[in-house]
Amino acid sequence: MNTRETHPSELSELTEAKRPSPSRPGTGRRVLRAVALTATVPYLALKTVWLCGSHLGIPEGSVLREPGSFLIAANSVTLAMDACVILLVLVLTRPWGRRVPGLLLTVPVFVATGLLTPILLGFPGQLLLRAIGFGADPAVRAARQPFLDPWVFHVVYTGFTVQGLALAALFVPYARERWGRAWRGVTGERLPSSTGVAAAAAAVAGLAVAGVLLYWASGGAAGLGAERAAEYSADTAVVSAVHAMCALAAGAGAVLLARGGTLRARWPLGLAWIGGAATLSWGAWMMIAGLGPQLDGGEGPPATLQLIYAGQMITGLLAGAVLIRFLGTRRPG
């Protein structure tokens with residue numbers, strides 16, 4: 001009988017071989033993968049049937065029933081964007097995902113983080129306010145021009161919420177295994193003065209954007225225009241408040257990364273990543289939407305709103321620049 005004892009190094013190798021990883025996803029990651037992929041189905045199905053000419057979920061009188069090349073292009077682009085979630089999930093859970101260059105992975109994950117974070121925060125907040133009786137006034141809702149059936153919003157945003165949670169739960173362990181050195185320990189030495197200037201500018205821009213958004217969230221109407229001011233409700237207040245929080249997070253994360261110190265690096269990194277992604281992605285998305293044709297034939301967003309979108313983009317870009325500079329100092333020598 002073989003009585004040879006297992007050497008500690010061999011035991012370590014055996015333990016490592018059994019540990020789940022992106023190359024060998026455990027049960028939890030397989031479940032998350034299935035959940036994330038399933039959550040894309042409602043949105044992809046709706047966009048597909050709309051592109052095929054169906055009016056499912058689009059009430060009579062909605063501008064979405066009017067055919068046009070802009071709507072076709074918009075539906076095609078947003079369908080492709082949600083389809084990219086499927087690819088991201090596979091990258092994070094399949095063996096070949098570890099061979100994908102870092103830039104090709106982090107950029108789409110950054111954008112996905114930015115687009116999904118305000119939904120993850122805002123949609124549950126809106127549901128909570130409605131549950132306690134602070135939703136939009138029924139008379140106000142009835143006076144609005146029909147756009148989509150209410151169930152469409154619930155199905156789509158529930159799917160986005162599940163996608164966001166599942167992607168986060170898959171990306172964090174993947175990133176820890178591949179780039180965990182970047183957020184181990186404390187922030188450390190102060191970054192160069194030029195980076196400090198960028199961080200300060202991100203904080204100032206973020207404060208300015210957040211101040212205006214919080215003013216609108218509290219019911220202020222200056223700069224919104226009569227049409228948008230009339231649409232104020234608890235739902236719009238939640239949206240403005242969430243974007244204000246993201247702008248503040250981006251500025252705070254940038255400053256904390258630039259100044260260094262003994263703070264655990266994961267916290268300012270998280271603030272800069274999530275806040276910067278949300279402000280940049282949503283600012284750019286709304287800016288593009290505002291510059292395009294207006295579906296209802298009305299005027300585009302007023303100059304004040306365009307300035308806020310630009311401010312969000314500037315805040316996100318500056319926070320992203322500080323984030324990149326910080327991560328550059330964490331590369332192995």
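**Close-up views of helix packing and salt bridges**

**View 1. Contact between helices α2 and α7.** Within 4.5 Å between heavy atoms, the criterion for contact, residues Arg 29, Leu 32, Arg 33, Val 35, Ala 36 and Ala 39 of α2 meet Gly 159, Val 162, Gln 163, Ala 166, Ala 169, Leu 170, Pro 173, Tyr 174 and Glu 177 of α7. The residues of this contact comprise 10 nonpolar, two polar and three charged; Ala, Val, Leu, Ile, Met, Phe, Trp, Tyr, Cys and Pro count as nonpolar, Asp, Glu, Lys and Arg as charged, and the others, Gly among them, as polar. The model is predicted: local features need pLDDT of at least 70 and side-chain atom pairs count only at pLDDT 80 or more, whereas totals for chains, interfaces and linings use all residues. Residues are numbered from 1 along each chain as its sequence is written, and side-chain values use heavy atoms, with hydrogens and water left out.

**View 2. Geometry of the α2 and α7 pair.** Helix α2 spans residues 27–39 and helix α7 residues 150–179; helices are DSSP runs (H or I, at least four residues), numbered from the N terminus. Their axes lie 8 Å apart and the packing angle is about 145°. Axes are lines fitted to C-alpha atoms, for helices over the stretch in contact, and angles run from 0 to 180 degrees between N-to-C directions. The crossing of α2 past α7 is left-handed, meaning that the near helix is turned anticlockwise from the far one by less than a right angle.

View 3. Side chains of opposite charge can pair when their charged atoms come close. A salt bridge is a side-chain nitrogen of Lys or Arg within 4 Å of a carboxyl oxygen of Asp or Glu, and the count comes to four. Glu 177 and Arg 29 form one, at 2.9 Å from N to O. This pair links helix α7 to helix α2, across 148 residues. Arg 29 is buried, at 12% relative accessibility, and Glu 177 is partly exposed, at 33% (buried means under 20% relative accessible area, exposed over 50%, partly exposed in between, with a 1.4 Å probe and protein chains only). Arg 29, Arg 98 and Glu 177 are linked in a network of salt bridges.

**View 4. The salt bridge between Asp 235 and Arg 130.** The closest N and O atoms of Asp 235 and Arg 130 are 2.7 Å apart. Asp 235 lies in helix α10 (residues 234–259) and Arg 130 in helix α5 (residues 102–131), so this pair ties together parts 105 residues apart in sequence. Asp 235 is buried, at 14% relative accessible area, while Arg 130 is partly exposed, at 37%.

How values were computed. Helix = DSSP H or I, 4+ residues; strand = E, 2+ residues; numbered from the N terminus.
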